[in-house]
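Please go through the model shown here before reading the notes. They cover packing, strand pairing and charged side-chain pairs.

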Amino acid sequence: MKVWRLFAVVTAGGAAAALTPVLLRRLGQLRYDRGLAALRLLVRGGARYAGSAPRLFVTAGEQRQLLREDLALQTAEDVADTLGAMKGVMMKIGQMASYVDDGLSPAVRRTLARLQDSVPPMSPQLAAAVVAEELGAPPERAFARWDPQPIAAASIGQVHRAVTLDGRAVAVKVQYPGIAETIAADLGNVALLRRMLRIAAPAQDIDALLTELRERVLEEVDYRREASNQSLLAGYYDGHPTIHIPRVISELSTRRMVTSELSGGSRFAALASWSQQERDLAAETIYRFVFRSLYEARAFNGDPHPGNYLFHGDGRVTFLDFGLVKHFTQAELQPLLQMARTVCVEHDPEAFRRGLENAGFLRPHAPLSTQAIVEHLAVFYDTIREPGPLTITGDYASSVVRRFFDVHSPVAEYISVPRSYVLLQRINLGLFAVLGELTATADWRAIAEEIWPFTRGPASTPMGEAEAAWRTRRQAIAA
Amino acid sequence: MTADQYAAATGLIARSAAGYVSGVPEDAADDGFFGPASVTWRVSTDLAAPVAGLRSLLMQALHPLAMAGVDRHSGWRRDPVGRLAATSAYLAAITFGERAAASAVAARVRGIHGHVRGTDAVTGRRYAASDPALLLWVHTTLVQSSLAAGWAFGAPLSAQDSDRYVAEMRVAAELVGVPRPLVPASVADLERYVASVQPELRCTLAAAESMGYLLDPPGLEEDVAGFWRDVRDAAIAVLPDWAREMYGYGLPPPLTPRRRTAIRQSLGILDVMVLGEPGVLEARQRIAQRMRAGQPA
């Protein structure tokens with residue numbers, strides 16, 4: 001669970017650093033306050049979050065193609081009209097922050113959802129034209145079967161069902177033509193972005209946040225990156241008992257298209273009617289996926305969004321959408337591991353503090369007692385400090401979010417989030433919210449010990465045993 | 001009177017958006033006075049529409065008698081946002097509403113105008129809101145501002161479509177009581193008309209205060225003002241030089257392609273905020289759907 005802490009740490013600084021959430025929050029706030037002229041929108045104020053337990057985020061946009069096929073975008077100019085003028089950028093940022101449920105005011109959430117819903121799908125002809133440009137052949141020839149009606153909306157594209165020439169059922173994500181260029185151009189307005197960020201996070205290193213945001217968004221609009229991330233993780237989890245990642249069909253994937261195996265399964269919303277035991281198993285898989293990926297594949301999917309999971313029962317989960325994956329170096333992971341070890345295992349607050357300082361989370365020589373620092377950040381480690389079963393509730397997830405946005409603590413001003421870790425904040429905000437929504441119970445500490453490289457604990461659950469067997473097979477194959 | 005007698009501009013976006021939504025019918029029985037194939041619908045849905053609105057207010061306020069009518073009778077100072085929201089609702093109803101609905105709101109406005117009359121303290125001239133000359137000024141500046149803002153920041157109209165737009169909009173002037181023969185029917189007519197009124201224009205104290213309020217609502221934070229400045233400068237940038245000089249505004253930065261893009265980006269952000277208001281997305285989709293259906297295949 002150090003992961004949590006990582007986030008936690010990140011989080012603590014997060015009031016300032018959660019660039020995207022803050023941005024949105026700020027925007028929402030404006031709208032919330034709806035002050036003066038339209039301008040008032042950006043009025044400054046304290047963070048606003050609902051006190052209630054995190055709800056499932058609205059998976060904005062999922063229905064949009066169902067809603068407005070009659071308004072389908074027919075040309076690249078339609079795309080530019082719809083998603084130009086910063087709208088595509090705001091949508092990407094909104095998507096990045098959309099899981100930050102409680103960190104956003106209802107008004108902001110609504111606005112982001114509306115923005116996504118306002119984007120119609122591509123007409124069948126426009127989508128086919130993109131495929132033809134990418135593959136050099138129209139979809140009817142590049143595939144054995146091609147469904148011209150999209151089955152889902154992606155943030156800047158849409159998903160079509162198809163069957164490959166060699167008979168595999170696939171999902172093909174097709175990007176809106178011209179959107180990559182539009183977003184790149186809008187991200188070029190550094191002055192405007194910086195202005196928004198400065199309003200949102202006046203004390204932070206705006207340039208670091210801005211750089212991270214721009215890089216991540218630019219990566220996301222190149223689907224080749226997504227295909228390679230997905231291939232990497234699909235390869236890593238090959239044969240895993242409960243974690244499934246659809247394989248990418250590389251020869252049918254390009255800058256604006258990514259083709260992968262089609263998956264069935266139930267949506268997150270369906271879990272509400274599943275037994276608590278099933279929900280716990282699903283949560284355990286999600287948890288293992290996040291931390292195995294981080295500590296072993298050194299990759300973090302920055303989009304821990306319920307809309308990206310498909311559930312098959314017995315804890316089996318398919319993970320989708322690898323557009324926003326952050327890769328870490330061993331050196332970047334070390335401080336995170338050290339903080340987890342010092343605070344959860346060794347119970348050495350001073351060493352924990354040094355770890356924070358060395359990683360850049362805490363300003364050195366801050367006039368704070370180490371105890372105050374630990375107390376401030378402890379909430380992020382609550383699930384993994386002690387062994388034993390523990391239920392993650394919506395209230396707990398809310399308290400994490402509240403701490404995340406707590407700018408009033410005397411500790412907050414000395415904490416910031418180094419650029420490399422900005423994306424990890426999503427764990428605090430996204431993963432906890434998902435687990436809280438499931439009211440999931442597990443011995444999170446024991447699972448963390450299985451995963452922590454400095455403990456390598458024994459399997460603590462049946463799933464852990466199956467996973468251990470998988471790891472043994474993996475190593476045997478590798479050897 | 002001083003500027004601080006204005007009520008705070010709370011709720012401008014929400015209330016203006018609500019006004020707009022109220023004017024867009026659910027299941028229109030007819031296409032109203034313009035229709036989905038009109039240039040007017042295209043102009044009204046353009047990203048540059050807020051700049052057009054701001055510019056037209058700046059122009060309208062320079063007519064001392066038009067300004068006096070607004071300043072003394074409309075509750076403008078007491079509830080500026082309400083006044084703007086009412087205008088937003090009116091324009092949406094006239095543009096997108098069914099004929100009966102558009103005629104009804106126009107009749108109501110004519111009724112209100114009938115009670116707005118007096119003597120302007122500055123010029124000593126009598127004014128009446130029902131005076132076709134004043135109504136024509138208000139109408140023409142709106143049309144001209146839409147063209148100017150669209151040209152600079154929106155989807156520019158061809159010369160032919162610009163003329164079509166001016167001609168289409170004549171019915172809006174008629175609806176509030178301007179005899180059709182008085183209303184410019186082409187861009188050239190329109191420019192001649194504006195030039196003919198120019199000698200009557202001046203920046204009165206009421207105009208300076210009203211526009212000062214609108215462009216820089218009191219209490220706006222510095223960094224927020226920075227964001228807003230793009231939109232505000234956009235309106236000022238597309239004013240005629242003489243109008244800008246009357247107000248004493250400095251020359252805005254030249255409208256380089258980069259600057260236009262930056263302003264469009266700010267307009268896009270504002271537009272998203274409007275989009276978040278209840279009913280706006282649905283209203284826009286109703287309009288878009290009808291425009292799509294009205295397109296030649």
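This is a predicted model: local features need pLDDT of at least 70, side-chain atom pairs count only at pLDDT 80 or more; totals for chains, interfaces and linings use all residues.

A search over all chains finds 39 salt bridges. Three strands of chain A form an open sheet.

- Leaving out residues up to four places away in sequence, B:Tyr20 touches B:Ser88, B:Ala89, B:Ala92 and B:Phe96, among others. Its contacts also include B:Val280, B:Ala283, B:Arg284 and B:Ile287.

**The sheet in chain A**

- The strand order is S5-S9-S8, and the pairing is mixed.
- S5 (243–244) and S8 (309–313) of chain A stand at the edges. Each has a single partner strand, so one side of each is left without a neighbour in the sheet.
- Strands of a sheet pair through backbone hydrogen bonds, in a parallel or antiparallel sense.
- S8(A) and S9(A), the latter spanning residues 316–319, pair in the antiparallel sense over four bridges.
- A:Gly313 stands opposite A:Arg316, and A:Phe311 has A:Val317 as its bridge partner.
- S8(A) and S9(A) form a hairpin with two residues between them. In the turn, A:Asp314 has a positive phi of about 55°.
- Is S8(A) largely enclosed or left open by the rest of the structure? Four of its five residues are buried, so S8(A) is largely enclosed.
- Helix H13 of chain A, residues 276–295, lies across S5, S8 and S9 of chain A. H13 runs at about 45° to S9(A).

**Salt bridges in chain A**

- Side chains of opposite charge can pair when their charged atoms come close.
- A:Arg292 and A:Glu467 meet in a salt bridge at 3.1 Å, N to O. A:Arg292 lies in H13 and A:Glu467 in helix H20 (residues 462–478) of chain A, so the pair ties together parts that are 175 residues apart in sequence.
- A:Arg292 counts as buried at 2% relative accessibility. A:Glu467 is buried too, with a relative accessible area of 0%.
- A:Arg456 and A:Glu296 also meet in a salt bridge, at 3.5 Å, N to O. This pair links distant parts of the chain, 160 residues apart.
- A:Arg456 sits in the loop between H19 (444–451) and H20 of chain A, and A:Glu296 in the loop between H13 and strand S7 (299–301) of chain A.
- A:Arg456 is partly exposed, with a relative accessible area of 45%. A:Glu296 counts as partly exposed at 24%.
- Which residues belong to the network of salt bridges? The linked residues are A:Glu284, A:Arg288, A:Arg292, A:Glu296, A:Glu450, A:Arg456, A:Glu467 and A:Arg471.

**A salt bridge in chain B**

- B:Arg180 forms a salt bridge with B:Glu174, and their closest N and O atoms are 2.6 Å apart.
- B:Arg180 counts as partly exposed at 37% relative accessibility. B:Glu174 counts as partly exposed at 32%.

Notes:
Residues are numbered from 1 along each chain as its sequence is written. Chains are lettered from A and ligands numbered from 1 in the order in which they are written. Side-chain values use heavy atoms; hydrogens and water are left out. Contact means heavy atoms within 4.5 Å. Two strands pair if DSSP finds at least two bridges between them. Axes are lines fitted to C-alpha atoms, for helices over the stretch in contact, and angles run from 0 to 180 degrees between N-to-C directions. A salt bridge is a side-chain nitrogen of Lys or Arg within 4 Å of a carboxyl oxygen of Asp or Glu. Buried means under 20% relative accessible area, exposed over 50%, partly exposed in between (1.4 Å probe, protein chains only).
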